[in-house]
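Me: I have a model open and would like to go through it with you. Could we start with the charged pairs and then move on to the rest?

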Amino acid sequence: MKAHSHSLPSFCTYLNKGFDFRAHAQRMSDARHDPDISPSSVFLALFHAFVFRLPSLQQLDAELGHTFLPQWIGAQRAFRDDTLRYSLCGFDLQPLEAMLVDVNRRLKRGKAFDQDRVQGHLVAALDGIEVLSSFSRCCDSCLERRVERKNQAGQKICETQYYHRAVGCQMVHSPVKSFLAVEWLRPGEGEDTAALRLLSRLPDLYGSRFFDILLLDALYAQTPFLELARKFGWDLVITLKQNNRDLYQSAVRLFASRLPDATFTEVCDHKTYRVQIWDTAGLPFTLDNPEPVRVVRSEEVLERNRYREGKRASHSTDYEWLWISTLPTKVFPPATVRQLGHSRWKNENNGWMDLTQHWALKHGFVHACRHRPKQLDASGQRVQVPNRGLPAVTLILLIAFALSSNFLLRHSKLVRLYDLSAVAVARQLYSWISKAPPSIRAPD
Ligand SMILES: [Zn+2]
């Protein structure tokens, strides 16, 4: 009889054959001295927690105590969440990032990013996300802001809030939407600074031609981003908003006096978009940098039917979008620039947002850990290692996300045959750790 359900051993074979998973797991290291539970087992515990979509570290702690998970991940004995925390706080980020890069390179070689190319081009997007915030717990690398809120007596008070923010670069055109890299904002710096650091690093990690088009938020409509993209050979589509006042206003003025360059209707799901679109090849970017840039404007009326008190009524909403782009008009007509601009917007819904809502990214369990391994500093003093827990956990999550998405969307025949959801597959894999002891172990 053929299997109707995914097994953990077959998932493991997929990982080892396609991604050299076992070898990568063996390369993990942390700052502990001669630990019982290897860094590889710690990595695998968290990796499986994300693949199984366990809701919390407490849940992982319970699984490690009651199931065959410790055996499966090569641990000599059961262990608890304190071991996970202590290891992850001093985790070495380099092997994790090297693994993420290798996974993405293999995905590309395996044609995971070939589907839905835009005019033959590969598209990535950059976005920021806030990962956790707290009024009470903070660490050395926390960002701070003053926030007004009401106390229990209902009085307005102003308090310092601590938080972490990162920018991530993600492939967005294909069904497999893997993250290429992530960069954390340092105290006192803006998201644009972290984004420039991330983009400057990408060609070293992947080569400059890993993708062709980069989609950016309005915040990044700045000369340094245009220069960087030109240097690395990336084309850009950037949302244009009021923060680029001069360019925004001159585009709006120019288009107001012209008929649209294209008009069309787009139907998707139960929504109908009536679109009017304008395109110009050259408006000065800023006063300081008057190089001409292409601007596309889309005026959209979204019509949908709503049911109110049992009666169907049509309801319409107006939208306006503007984008700056370096794409040539002949190959990328304005409707294609619009489509690209909207896929960046989708990224906000399907990228980080998906990870935070469905992959439990927001648990701050390694945040502000005071119990951390020690190492010698330059003057020979024994000091605690810097807390790398949050970046380590995030990289493990991104690795799990890429490998699970590719398994689900491209590898599994059962998903296509039985139309299984991502959560259903996660449950099938999860159920294996409660079955009879597996005959093979994941890592060795
Ligand atoms: Zn912090």
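Me: Is R77 buried, exposed or partly exposed?
Reply: This is a predicted model, and in it R77 has a relative accessibility of 40%, so R77 counts as partly exposed.

Me: Which residue forms a salt bridge with R77, and how far apart are the closest N and O atoms?
Reply: The partner is D36, and the closest N and O atoms are 3.3 Å apart. The pair links distant parts of the chain: D36 is in the loop between α2 and α3, whereas R77 is in the loop between α5 and α6, 41 residues apart.

Me: And D36, buried or exposed?
Reply: D36 counts as exposed, because its relative accessibility is 56% and the cut-off for that class is over 50%.

Me: How many salt bridges does the structure hold?
Reply: There are 25. One of them joins the side chains of R209 and D212, at 3.3 Å from N to O. R209, at 48% relative accessibility, counts as partly exposed, while D212, at 14%, counts as buried.

Me: What does E266 pair with?
Reply: E266 forms a salt bridge with R338, with 3.2 Å between the closest N and O atoms. E266 belongs to strand β7 (residues 262-268) and R338 to helix α11 (residues 334-350), so this pair ties together parts that lie 72 residues apart in sequence.

Me: How accessible are E266 and R338?
Reply: E266 has 30% relative accessibility and counts as partly exposed. R338 has 3% and counts as buried.

Me: Which residues are linked in a network of salt bridges?
Reply: The network links E97, E183, E189, R197 and R201.

Me: Which way does β5 run relative to β6, parallel or antiparallel?
Reply: Strands β5 (residues 213-216) and β6 run parallel and are joined by 4 bridges. Between the two strands the chain passes through helix α9 (residues 223-232), and this β-α-β crossover is right-handed. As for individual residues, L215 has V237 of β6 as its bridge partner.

Me: What about β6 and β10, parallel or antiparallel?
Reply: Those two run antiparallel, with 3 bridges between them. W323 in β10 is the bridge partner of T239.

Me: On to helices. What should α10 span, and what does the model give?
Reply: Helix α10 has 12 residues (245-256), and at 1.5 Å a residue it should span 16 Å. The end C-alpha atoms are 16 Å apart, which agrees with that expectation.

Me: Which of its residues are buried, and what do they pack against?
Reply: The buried residues of α10 are L247, Y248, S250, A251 and F255. They pack against three strands, namely β8 (271-284), β9 (292-308) and β10 (311-325).

Me: Which residues are buried in α6?
Reply: In α6 the buried residues are D81, T83, L84, S87, L88 and C89. The packing partners of these buried residues are α3, α4 (57-66) and α13 (389-411).

Me: Where do we find a positive phi in a residue other than glycine?
Reply: D20 lies in the loop between α1 (8-19) and α2 and counts as partly exposed at 32% relative accessibility. Q119 also has phi near 50°. Its place is in the loop between α7 (93-109) and β1 (123-134), and at 40% relative accessibility Q119 counts as partly exposed.

Me: Finally, the whole chain. How many helices and strands are there?
Reply: The chain has 15 helices and 12 strands. Of its 444 residues, 51% are buried.

Me: How does the radius of gyration of the chain relate to that of a compact globule?
Reply: For 444 residues a compact globule would have a radius of gyration near 22 Å, and the chain has 24 Å, which agrees. Along the principal axes, the C-alpha atoms fill a box of roughly 75 × 65 × 55 Å.

Me: What share of the contacts joins residues at least 24 apart?
Reply: Among contacts between residues at least 6 apart in sequence, the share is 66%.

Terms used:
Residues numbered from 1 in each chain as written. Predicted model: local features only at pLDDT ≥ 70, side-chain atom pairs only at ≥ 80, totals over all residues. Heavy atoms only, no water. Expected span 1.5 Å × (residues − 1). Buried < 20%, exposed > 50% of the residue type's maximum accessible area, 1.4 Å probe, protein only. Contact = heavy atoms within 4.5 Å. Pairing = 2+ DSSP bridges. Right-handed = clockwise from strand over helix to strand, strands pointing away. Salt bridge = Lys/Arg side-chain N within 4 Å of Asp/Glu carboxyl O. Rg over C-alpha atoms; globule rule 2.2 N^0.38 Å.
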